[in-house]
Amino acid sequence: MIDIHGISLNELPLENYEFVGVLLFQEFPVTTLYSDTNGLPLIKEWIDCDDEADRLLLYLSSKENLKKFLDGEISQGELIRNSVDDLVFVIDEMDGQIKKIKLISTSQIPDEYLPLEDSFFNSQSGVQTQKIIEFFNLDNIEVKPLNLDEQLKRLAKQKNSEVFNLHLKEGNGIRHGRVDTDVLGATLLSFDDLYKEVALDYFFGRNRGELRIPSKDKREKLGLSTTEVFLSKAASFIIYIKPKYKSQFNLFEKKTTSQLVTENLFNLFEISKEEKSLEESFNKYSDFVFRSYRHFLKSITEFDLHLDINWTDHTAETLISEDFTLFQANDIINSIDSMNTEETDNFKVKGKFRAINCNTGHFTFISLGDELFNGYFDDLVKDSAPLLTFTKLYEVSIERKTIKEAGKPD
């Protein structure tokens with residue numbers, strides 16, 4: 001078993017605690033509840049064993065946290081880490097007799113001894129659940145709403161990483177603790193694509209479409225921009241995301257590359273709220289970013305989502321949030337589309353025709369300077385197309401229209 005470094009005790013400083021019931025059972029009781037002299041839940045968790053002893057965690061919880069766990073609002077790991085006094089007893093026991101006791105803080109519990117992050121209570125797995133609920137009178141306890149901001153900060157510190165949460169609050173296919181696969185998949189894929197494009201702007205600049213970037217370099221940076229889902233929770237439906245790989249530190253900015261990418265991402269969200277600010281800052285991002293941003297917003301409008309995006313970092317005390325609704329997403333899409341430009345040139349050029357389609361009016365024309373033009377005859381000229389030859393020199397008037405759509409590199 002893992003060596004535990006803490007305060008050694010000769011006996012438990014607990015008196016007259018009362019057995020309540022077994023909550024979880026796997027060949028033997030693994031989660032057992034007691035009540036201390038003040039009527040608070042005292043929870044015993046089996047965590048490890050060897051040939052000499054079983055190892056158990058014993059900690060004092062609150063009735064509110066126990067209710068949250070049984071209602072599926074917090075995981076078993078969160079229940080342990082949020083003990084009443086942030087302390088836990090690590091007990092080695094043999095045949096019901098205590099052999100060794102160590103007192104440690106919840107932050108010192110080895111990761112191997114904590115349940116998985118998605119270890120939420122399943123009522124079908126409970127053994128004496130109703131007895132426990134009635135003993136602690138949990139049905140009559142009012143629990144404060146889950147503070148997602150504080151939870152996000154705790155997760156960031158636990159993971160030693162930055163963490164996003166995407167909270168799908170309302171929309172088609174969203175229910176408490178459940179979401180349709182197509183809605184979740186489209187939302188995650190469009191967010192991931194947007195995050196990657198903002199990251200590539202950071203690494204290669206907004207004009208990267210004009211550069212010949214080696215595919216090896218692009219693959220490497222895309223790898224550094226990969227994210228992973230590591231936890232989901234009810235509260236309509238929440239997905240927690242973090243960078244898959246540890247980010248490099250930028251000495252000049254004194255921040256990690258992923259922090260800088262995230263700053264650029266939320267700056268994009270901010271400037272797009274007003275059409276004027278979007279127009280002023282439009283050139284700070286590439287067309288690839290706006291294409292993926294538009295796609296992300298379209299998924300919000302398609303599923304009528306109310307989506308919150310929150311972010312924090314293990315080194316930061318601040319939390320950044322952005323809120324999207326159907327109408328906000330639609331307004332931003334209209335603002336992006338308003339950035340489209342159209343220019344018209346009128347000029348004359350001398351040369352010869354190389355191809356003519358008398359039915360469609362399409363032509364190919366090459367100038368004396370070897371410029372190649374493809375286009376369509378004006379309606380007035382189209383009727384005369386059969387009279388044109390490929391050997392004769394012509395002077396033609398050309399009207400050329402150039403359309404640049406926001407989000408499209410071409």
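Author: Start with His 314, which is in contact (heavy atoms within 4.5 Å) with Ala 156, Lys 157, Asn 160, Ser 161 and Glu 162, leaving aside neighbours within four places in sequence. This is a predicted model, where local features need pLDDT of at least 70, side-chain atom pairs count only at pLDDT 80 or more, and totals for chains, interfaces and linings use all residues. Residues are numbered from 1 along each chain as its sequence is written, and side-chain values use heavy atoms, with hydrogens and water left out.

Reader: Where does His 314 lie?

Author: His 314 is in the loop between β15 (306-312) and β16 (320-324). Strands here are DSSP runs of E, at least two residues, numbered from the N terminus.

Reader: Which side chains make polar contacts with the side chain of His 314?

Author: The side chain of Asn 160 does, at 3.1 Å, and so does that of Asp 313, at 3.4 Å. A polar contact is a pair of N or O atoms within 3.5 Å; within protein, one must be able to donate a hydrogen and the other to accept it, and residues adjacent in sequence count only if both atoms are side-chain atoms.

Reader: Switching to Asp 48. Which strand is it in?

Author: Asp 48 is in β4 (residues 41-49). An open sheet with antiparallel pairing has the strand order β1-β7-β6-β5-β4-β3-β2; two strands pair if DSSP finds at least two bridges between them.

Reader: What polar contact joins the side chain of Asp 48 to another?

Author: One of 2.8 Å to the side chain of Tyr 113. Not counting residues up to four places away in sequence, Asp 48 also touches Met 1, Ile 2, Asp 54 and Arg 55.

Reader: Back to strands. How many bridges between β6 and β7?

Author: Eight, between β6 (residues 87-94) and β7 (residues 97-105), in the antiparallel sense. Val 88 stands opposite Ile 104 in β7.

Terms used
Helices (H or I, at least four residues) and strands (E, at least two) are DSSP runs, numbered from the N terminus.
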